[in-house]
Amino acid sequence: MAFGYSFVNLSEAEKSQRRELLDLYAATAQWSILIVFAVFQLSFLLSWMLEPRAEERPKSPFGRPPKLKGPGWIAKAQHLPRSFSWWAAAPVAEGWGTRAEWIAGLVWTAWLLFLSFYQTGNDYLHLTKRFGIVGASQLPLHYLLAIRSRYSPPQLLTRLSHEQIKTAHQILGRIITFMFILHASFYLNFFVMSGFLQKRIKDLDVIFGVVSIIMFMAMNTTALSIVRKWSYKVFYTMHIVFASLLIIPLYFHVHHIRKYVLEVCVIIVLNQVLRAYSLRTYSGTISMIPGTNLVQVRVPLISPNKETKWRPGQHVYLSRPTGAPTSFGVYEMFVLRNQTNPFTIASLAEQDKHLLLVARTLNGNTKQLAKLARSLHSQDGVEVPSIPIALEGPYGSTSRLPDLTKFDRVLLVAGGVGATFIVPIYRSLVEHEGHSFRNSQPRFVWAVRKFAETQWAFPASRGEEDAEFGSEGVQTDNEVEVCVTQPSGSDLQGENADDGMELAEAEHLIPFEEEMEKPRKGMVLRAGRPDVHAIVDEVFTTSAGSVAVITCGPRGMTKQLRESVGRWVRQGREVYWHNETFGW
Ligand SMILES: Cc1cc2nc3c(=O)[nH]c(=O)nc-3n(C[C@H](O)[C@H](O)[C@H](O)COP(=O)(O)OP(=O)(O)OC[C@H]3O[C@@H](n4cnc5c(N)ncnc54)[C@H](O)[C@@H]3O)c2cc1C
């Protein structure tokens, strides 16, 4: 055999000692995640200790202030980790994840491999079994990382958002697949070389093992971004179905891994309970925004209620509405739980007294949503009827955003529908009474293809109809810079839109564009793409202090923004950076 390993004959005592070592190192692999969680707690403690005792400032909607400045040595000590995190958050290559993700993934793989090799002697079968059981020990954590709820233990312990934790879930999925592939191929090699293949391939434990690995690999292959982009439905269905079914063949494969399988079952139940707790049915309206391919979903709120406490920039999962006016049957309940898409809450629930979602029409559920919006509109003529709308949430990272008023400058940059994330943050900053900015008001630049795409944030008139929703839209003397990149003609993001809808929307377009040509209160209009480089330079040169940059938009735009901001980070400037992405 190779690398010092060979097929060895063991006595019963040696076999039971091997079993003990297998269980010991699998348990070590499973519980070593506690060290990672402990490191997080230590870093929270350290940053709390380094935090200068803040002077009293007005209460912010974003929670605790960041640690911006301290004595000279603290500022210097803070610069090093800041430059490192900026470097680590950069992608290794387009679509290949960040450096930090690769480093974390490789370190964890190396640790699991160490636990697989350590104390295996020259026993080939010991090593083979170790790959399997160490891989299986990671399954409970893998399922735990998939929990969406804000009560998910990894989220509570790391204070990371579900979107960030989801990346860890993906990486761990790949590592487990790798361990299982090693386990299966080492066994296959053993069966072939020892002449047992014909016999063993018919045994139930081997059959269940093969089925498990095929299912696990299918789950991971369909989770690759190429498949997710091709059909999110295929990915999601395969993932959910296989994730639930996988536990059956795994349970019957070998009894040593049953405790991990049972832990997975508990986590699946916990996930369902937490999701059910976050799911609520409202009554609201769905309509198209004229001249665009945007669908708006409005849910009036009867205050006071818990939704008014939702933070700006959080998102909810919208279940595909059936349009049925009555209560839900079994099929509707299934749809409710499984055909969901995330959308950012574009309103300030507390002020506006309603939840607003704005969805760009693509090819899946959003296309059905647009169809429903159009059919509801034509059914009743003018009045859009209210229908049951199921929302699950709120979720999202903004509860972890620092207090933006503490920064010397704040730059907000949105592209297209990405403004659903930025507008509420901007509004909560400029409209919140008692906010004092260190230096100047935030600068908000919003690039859109069509001027019509801005109307949900800047309604034309606030007549009686709007009065029921309270004070809606941007209301401030500070001006949002709206850059319209394609001022005329119909493009309606045709790549994915359905032709019928495109034509129908185009009919509205010309008179509508004429009507919209004058800027609304709270905005200044510019034609063409924003000069990201010049905007960043203006923000950084007009202040020598800390700068917060928050962005949400097309990948190209945010990439350019990051490059421009990066030049200032490298010069030692204190920067808080948050890039919200609408996809994964
Ligand atoms: C946190 C978050 C907030 C978002 N907020 C908004 C918003 O306010 N307005 C808006 O227009 N869009 C938003 N999006 C994007 C939006 O969720 C997707 O564009 C939408 O789900 C596409 O639906 P579809 O079924 O028509 O997609 P398809 O046409 O089937 O697919 C189009 C693309 O959307 C991706 N996608 C589909 N379903 C999902 C899903 N459930 N989760 C993640 N990606 C998916 C697919 O991978 C594919 O790349 C947000 C996404 C995230 C993750």
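This is a chat about side-chain contacts and annotated spans in a predicted model.

User: How many salt bridges does the structure hold?
Analyst: The predicted model holds 16 salt bridges.

User: Start with Arg 275. Which residue does its side chain meet in a salt bridge?
Analyst: Arg 275 meets Glu 392, with an N to O distance of 2.9 Å. The pair links distant parts of the chain, 117 residues apart. Arg 275 lies in helix α14 (residues 258-278), and Glu 392 lies in strand β6 (residues 387-395).

User: Are those two buried or exposed?
Analyst: Both Arg 275 and Glu 392 are buried.

User: And Asp 537, what does it form a salt bridge with?
Analyst: Asp 537 forms one with Arg 567, and the closest N and O atoms are 2.7 Å apart. This pair also links distant parts of the chain: Asp 537 is in helix α21 (residues 532-541) and Arg 567 is in helix α22 (residues 555-570), 30 residues apart.

User: Which residues are joined into a network by salt bridges that share partners?
Analyst: Arg 409, Arg 443, Glu 481, Arg 526 and Glu 538 are joined into one network that way.

User: What about Lys 199, where does its salt bridge go?
Analyst: The side chain of Lys 199 meets that of Asp 203, at 3.4 Å from N to O. Lys 199 is exposed, with a relative accessible area of 54%, whereas Asp 203 is partly exposed at 22%.

User: Changing topic. Which residues does UniProt list as "transmembrane region"?
Analyst: The UniProt entry, which is unreviewed, lists residues 29-50, 171-194, 206-227 and 234-254.

User: How much of residues 29-50 is helix in the model?
Analyst: That span is 95% helix and 0% strand, and its end C-alpha atoms are 33 Å apart. For residues 234-254 the figures are 90% helix and 0% strand, with the end C-alpha atoms 30 Å apart.

User: How many disulfides turn up?
Analyst: The search of the whole structure finds 0.

User: On to the rings. How many aromatic pairs are there?
Analyst: The structure holds 30 aromatic pairs. One of them is Phe 40 with Phe 44: the ring centres are 6.2 Å apart and the planes are at 50°, so this pair is tilted.

User: Where do Phe 40 and Phe 44 lie?
Analyst: Both are in helix α2 (residues 33-50), 4 residues apart, which is about one turn of the helix. Phe 40 is partly exposed at 23% relative accessible area, while Phe 44 is buried at 18%.

User: What lies over the face of Phe 44?
Analyst: Arg 159 does, at 3.9 Å from the ring centre. In another such contact, Arg 148 lies over the face of Tyr 317, at 3.5 Å from the ring centre.

User: Last one. Which residues form one aromatic cluster?
Analyst: The cluster is made up of Tyr 5, Phe 7, Phe 117, Tyr 124, Phe 131, Phe 186, Tyr 187, Phe 190, Phe 191 and Phe 196.

Conventions: Residues numbered from 1 in each chain as written. Predicted model: local features only at pLDDT ≥ 70, side-chain atom pairs only at ≥ 80, totals over all residues. Heavy atoms only, no water. Salt bridge = Lys/Arg side-chain N within 4 Å of Asp/Glu carboxyl O. Buried < 20%, exposed > 50% of the residue type's maximum accessible area, 1.4 Å probe, protein only. Helix = DSSP H or I, 4+ residues; strand = E, 2+ residues; numbered from the N terminus. UniProt positions renumbered as here; feature names shortened; annotations may be inferred. Disulfide = S-S within 2.5 Å. Phe/Tyr/Trp six-rings, centres within 6.5 Å; stacked < 30°, edge-to-face > 60°. Lys NZ or Arg CZ within 6 Å of the ring centre and 35° of its normal.
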